[in-house]
Amino acid sequence: MPKILRPLDVYKLLPQTNCGQCGESSCMAFAAKVADRAADIRQCKPLFEDPKYKSKLQAVLELVRPPVKDVAIGVPPNQVVVGNKVVMYRHELTWYNPTAIAIDVTDEMDEQSLINRAKAVESFVFERIGQPLRLNLIALRCTSDSPEKFAKAADVLSKNASLPLVLCSYSPDVMEEALTVVGDKRPLIYAATKDNWKEMLDLASKYKCPIAISAPGNLDMLKSLASTFISAGIEDIVLDPGTFVRGGSLAETVNMFTMLRRAAIEKEDKAVGFPLMAVPAVVWMEEGDEVERKMKESYIASILMTRFADLMIMHSLDMWVLMPILVWRQNVYTDPRVPPSVKPGVYEIGKPTDTSPVFITGNFALTYFLVKGDIENSKMDAYLVVADSEGISVESSVAGRRLTAEKFAEAIKSSGLDQKLKKKVLVIPGRAARLSGELEELLPGWKVLVGPRDSSGIPEYVERILKKELESA
């Protein structure tokens, strides 16, 4: 169950001066938002800046600390935050901070190849439901064992790419050489192990960078190392329990991730209350067909994202590999309390005139963007009126009486199109066909047509039916 945070408990630890520096009208209003995870306690500047609130500050930080701590990698404005999970399963509340995805490069790549791959990672984007889906970090792997080469590659990436870095080397000497160049950019240090933890702890402390702790397959060792770092005052930690993918070992990987997350949230074990890191790119250590390995990397990433990975390192940059992962991430990290929706109103598609048709639909975001795209594909200039269906699909909202003929009629009347158009032709969704008769009574002077049941049929519908109806209107 979610960790219950009560507004009054937060309020007792605030300055209670109602200064408004947090952007809220009162400390109680701010406390309510903090309790709902809708505001960051760091917005209360007096609490952090005035020494007289020192005791309150420590108490409130302990109070609001999520079971899985948030860890920032990089510096603003391109900083990536991972973790900050307060529930085991998304449906219990919601998951914050979508899984960050890093793409690997190596220090043995020539400078131009390094820049080109970094630029490809940065420019990788596609839009779905109005949201740009992107990659988040670049993971620099040391394959040369050369401190100079590693540092030079880190410098090249720092100067030619804006995404945060993950520096990957088990050698403290190699790592420090790179940190002298890019340490001020707060890269993630990967990784501290049972063999190098003392030196890596010193580096994390010296450069004030987040650090990953790795103990593949050994959760007791992982917890022990994390406890050591915590006792040394270092809490910007990411845990890597190992990513095993050969044979039946993937199930064990999933089990380890689940055990760690359950211990952090349900048992409140602070020693493992940190973001979890997975490396689907390990599939490239296996022999086999390239396409099969890409496919395996994609489905392993999707599985581990579902099972609590907060950060992943991948190798493939193919659209067909990354698209399902990014779409799944978007779905998993959608707040289940708030259906994805768009603002009700009237939208112009193309350059509509006073004789253009009017399409109408609900405000579920996926519905809107599909319908909009299919009208654009039909090459017809039109108006798209979006009625308030409470963020639910047309079929469900019509069946549940959340989208009625009255709502459609009100949306048309409030759009102003009644006075603007000479030809009044309205196309309603095929899944709302039952509303057509009632809608004609509510909208005198309008010709109500029933469109296709699926928006993908709009281009054909325009050619076969709508153009003829417009000519006769």
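Contact here means heavy atoms within 4.5 Å. This is a predicted model, where local features need pLDDT of at least 70, side-chain atom pairs count only at pLDDT 80 or more, and totals for chains, interfaces and linings use all residues. Residues are numbered from 1 along each chain as its sequence is written, and side-chain values use heavy atoms, with hydrogens and water left out. With the contact rule in hand, take Ile73: not counting residues up to four places away in sequence, Ile73 touches Gln79, Val80, Val82, Leu137, Pro164, Leu165, Arg186, Pro187, Leu188, Pro210 and Leu311.

**The whole protein**

- The secondary structure comes to 18 helices and 17 strands; these are DSSP runs numbered from the N terminus, with helices being H or I of at least four residues and strands being E of at least two.
- Of the 473 residues, 51% are buried, where buried means under 20% relative accessible area, exposed means over 50%, and partly exposed is in between (1.4 Å probe, protein chains only).
- The accessible surface comes to about 21800 Å², and carbon and sulfur atoms own 51% of that; the areas come from the Shrake-Rupley method with a 1.4 Å probe, and for residues only the protein chains shown count as cover.
- Take the contacts between residues at least 6 apart in sequence, and 66% of them join residues at least 24 apart.

**Helix 11 against helix 12**

- Helix 11 (residues 290–306) packs on helix 12 (residues 319–332) at an angle of about 10 degrees, and the axes are 9 Å apart.
- That angle makes the two helices roughly parallel; under 35 degrees counts as roughly parallel, over 145 as roughly antiparallel, 65 to 115 as roughly perpendicular, and the rest as oblique.
- The axes are lines fitted to C-alpha atoms, for helices over the stretch in contact, and the angles run from 0 to 180 degrees between N-to-C directions.
- Helix 11 brings Val291, Lys294, Met295, Ser298, Ala301, Ser302, Met305 and Thr306 to the contact, while helix 12 brings Trp320, Val321, Pro324, Ile325, Trp328 and Arg329.
- Sorted by class, that contact has 9 nonpolar, 3 polar and 2 charged residues; Ala, Val, Leu, Ile, Met, Phe, Trp, Tyr, Cys and Pro count as nonpolar, Asp, Glu, Lys and Arg as charged, and the others, Gly among them, as polar.

- Ile73 sits in strand 1 (residues 71–73), and its 0% relative accessibility is why Ile73 counts as buried.
- Ile73 and Gln16 are 57 residues apart in sequence, and their C-alpha atoms are 32 Å apart in space.
- Thr258 is in helix 10 (residues 249–265) and is buried, with a relative accessible area of 14%.
- Leaving out residues up to four places away in sequence, Thr258 touches Met88, Arg307 and Phe308.
- Glu406 belongs to helix 15 (residues 405–415) and is partly exposed, at a relative accessible area of 40%.
- Glu406 touches Glu438 and Leu442, again not counting residues up to four places away in sequence.

**Cysteines**

- The disulfide count is 0, a disulfide being a pair of cysteine sulfur atoms within 2.5 Å.
- For Cys22 the nearest cysteine sulfur is that of Cys19, 6.2 Å away; Cys22 is buried, with a relative accessible area of 15%.
- The sulfur of Cys168 has its closest cysteine sulfur in Cys142, and at 9.7 Å that is too far for a bond; Cys168 is buried as well, with a relative accessible area of 11%.

- The peptide bond from Pro76 to Pro77 is cis, with omega near 5 degrees, and Pro77 falls in the loop between strand 1 and strand 2 (80–82).
- Tyr190 and Ala191 are also joined by a cis peptide bond, with omega about 10 degrees; Ala191 is part of strand 8 (residues 188–192).
- Phe308 isn't a glycine, yet has a positive phi of about 85 degrees.
- Phe308 is in the loop between helix 11 and strand 12 (311–314) and counts as buried at 2% relative accessibility.
- Arg401, not a glycine either, has a positive phi of about 60 degrees.
- Arg401 lies in the loop between helix 14 (394–399) and helix 15 and is exposed, with a relative accessible area of 55%.
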